[in-house]
Amino acid sequence: MKTELPVETNKAVLVALNVNKRDINEKLDESLEELEELSKAADVEVIAISIQNRSTIHPAYYIGKGKAEEIAELCKIHEANLVIFNDELSGAQIRNLEEIVKVDVIDRTALILDIFAKRAQTKEGKLQVELAQLKYRLPRLIGLGKQLSRQGAGIGTRGPGEMKLETDRRHILRRIDEIKKQLKEVKKNRETQRSQRLKSELPIVALVGYTNAGKSTLMNAFLKISENHDEKREVYTKDQLFATLDISLRKISLSNNEEFLLTDTVGFVSKLPHDLVDAFKSTLEEVKYADLLLHVIDASNENYELQKNTTLKVLKELEVDDKNMIHVFNKSDLLSNTYEIPKNEKTIYISAKTTQNLDKLLEMIRDAIGKSTIELTLVIPYNEGHIVSHLHEEAEVITSEYQEEGIVLKIRVENTYYEKYGKYEKK
C-alpha cells in the first residue's frame with residue numbers, strides 16, 4: 001500500500017478523453033479549466049494536463065494502455081502522486097490504471113465528493129456527503145479494494161474512504177439505510193420550520209447559481225443594508241469553489257417596513273455527481289418554496305454561458321425552472337464592457353462587492369415579490385356585504401360560509417391587498 005502524503009504536497013496530472021472528438025475543443029478546455037479549479041479547491045497542485053483522442057472508451061483502462069504508460073512517465077518526471085480523470089471511472093479501470101501509473105488514480109466525481117466532505121459543517125451536510133460517497137463506492141467495491149483499505153486523509157479517501165478492505169456490501173447498504181433514516185428526521189424538522197416560515201407570509205427569495213458566482217457575498221451585501229444588520233449574521237465567503245455547502249436563511253428588513261426571507265443554496269458545477277444532487281435534493285427543495293429566484297452569474301468569467309446553462313439544467317431537474325427568476329450578473333466591476341451579455345427586463349449587472357446597482361436590484365425584487373399571493377380567512381360583517389362582491393372580483397375565493405358573526409371567506413389574493421382587507425382577518 002502506498003504511503004499517503006500530507007494534503008499540501010499532492011501533485012496531480014489531469015487526464016481527459018475526447019471520444020470521436022465529440023467534444024468541441026472549447027467545451028473540453030472549459031471542462032478541464034474547471035477540473036483544475038476543483039483540484040486547487042482540494043489543495044492539489046496541477047503539474048500537467050493530458051488529453052487523448054480515441055474512437056472508443058477502453059473498457060479496461062478508459063484511455064489507451066499506451067497513453068496510460070505515457071502518463072506514468074509524466075508522473076515520474078514531475079514527481080506527481082495523483083492522477084485525476086475528467087470523467088467517471090469504474091472500480092476496475094481505477095485498479096488497472098494504478099497498476100500502470102504507480103500512483104493514486106481518482107475521477108472527477110471522487111474529487112468533488114472529497115471537496116464536499118472537507119467543507120461540510122453541519123450534521124446534515126456531513127450525512128448528505130457520506131451518503132453520496134457510499135453510493136459512489138458501492139458499485140466499485142471490487143475494483144476499489146485497494147483504495148478502500150487506505151487509512152489517512154488522501155484525496156478521494158476522506159469519510160467512508162477510511163473503511164477497511166473487509167467492509168462488505170451489506171455493511172455499506174446498512175449504513176446507507178441508517179443515513180437515510182437520519183436524513184428523514186432532519187427533513188421532518190425542516191418541513192416544520194418551513195411551514196412556520198410560510199405562515200409568516202414573508203416572501204422568500206432564493207439565491208441560486210454556479211459555485212463561486214458570489215451568492216454569499218450578495219447575501220452579506222443585503223444584510224449590510226438591512227435594518228436588523230448584525231455582523232454575526234453574515235455568512236462565510238471565500239474566493240473558491242464550494243466555499244459554503246450549508247443552506248443559510250436570513251430575514252432582510254428594509255427601511256420602508258418591507259421584509260423578505262433570503263436563502264442561499266449550494267453552488268452548482270458541471271458534471272455535478274448525480275448521487276450528490278440526489279443527496280442534497282431535500283436541501284435544494286427550499287428553492288421550490290421561493291417566490292423569486294435570483295440566478296447569480298459570474299459576469300467576469302469567460303465561461304459564464306456554460307455556468308448559466310449548468311445552473312438552469314439543475315433547476316430543471318428540481319422542476320423549478322419555470323419560477324419567477326432574475327438573472328443577476330455579478331462582478332460587473334471587473335468588466336470593461338457588458339455589451340456581449342443579453343439584456344432584458346429580467347437581467348441586471350451588479351457588483352455585490354462594491355454594491356454597484358444593488359439599489360436597482362432591490363427595486364426589481366420589490367416589483368417581483370410585490371405580486372406574491374397570500375391566503376387569508378376573513379369575516380365580513382353582514383352590513384358590509386358589498387365587500388364580498390369586491391373580493392369575488394379582486395381575489396380567488398376558496399370557500400365561503402355564512403356564520404353567526406358574518407360571511408367567512410377563505411381567499412387567495414396578492415399580498416399588496418393585505419392593507420385593504422387585513423382588518424377583516426379572522427382572529
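Reply:
**Ile-84 and its surroundings**

Ile-84 is in contact (heavy atoms within 4.5 Å) with Ala-12, Val-13, Leu-14, Val-15, Leu-35, Ser-39, Val-44, Ile-106, Asp-107 and Leu-111, leaving aside neighbours within four places in sequence. This is a predicted model: local features need pLDDT of at least 70, side-chain atom pairs count only at pLDDT 80 or more, and totals for chains, interfaces and linings use all residues. Residues are numbered from 1 along each chain as its sequence is written, and side-chain values use heavy atoms, with hydrogens and water left out.

Ile-84 belongs to the largest nonpolar core, which has 68 residues. Such a core is a set of buried Ala, Val, Leu, Ile, Met, Phe, Trp, Tyr and Cys residues joined through side-chain atoms within 4.5 Å. Buried means under 20% relative accessible area, exposed over 50%, partly exposed in between (1.4 Å probe, protein chains only). Ile-63, Val-83, Ile-84 and Phe-85 have the most contacts inside this core. Strand S1 (residues 11-19) gives the most to it, with seven residues. Strands (E, at least two residues) and helices (H or I, at least four) are DSSP runs, numbered from the N terminus. Another core, of 27 residues, lies apart; Ala-221 and Val-328 are among them.

Now a charged pair. Asp-43 and Lys-118 form a salt bridge, at 3.0 Å from N to O. The term means a side-chain nitrogen of Lys or Arg within 4 Å of a carboxyl oxygen of Asp or Glu. Asp-43 sits in the loop between helix H1 (25-41) and strand S2 (45-54). Lys-118 is in helix H4 (residues 108-119), 75 residues apart from Asp-43. Asp-43 counts as partly exposed because its relative accessibility is 43%. Lys-118, at 27%, is also partly exposed.
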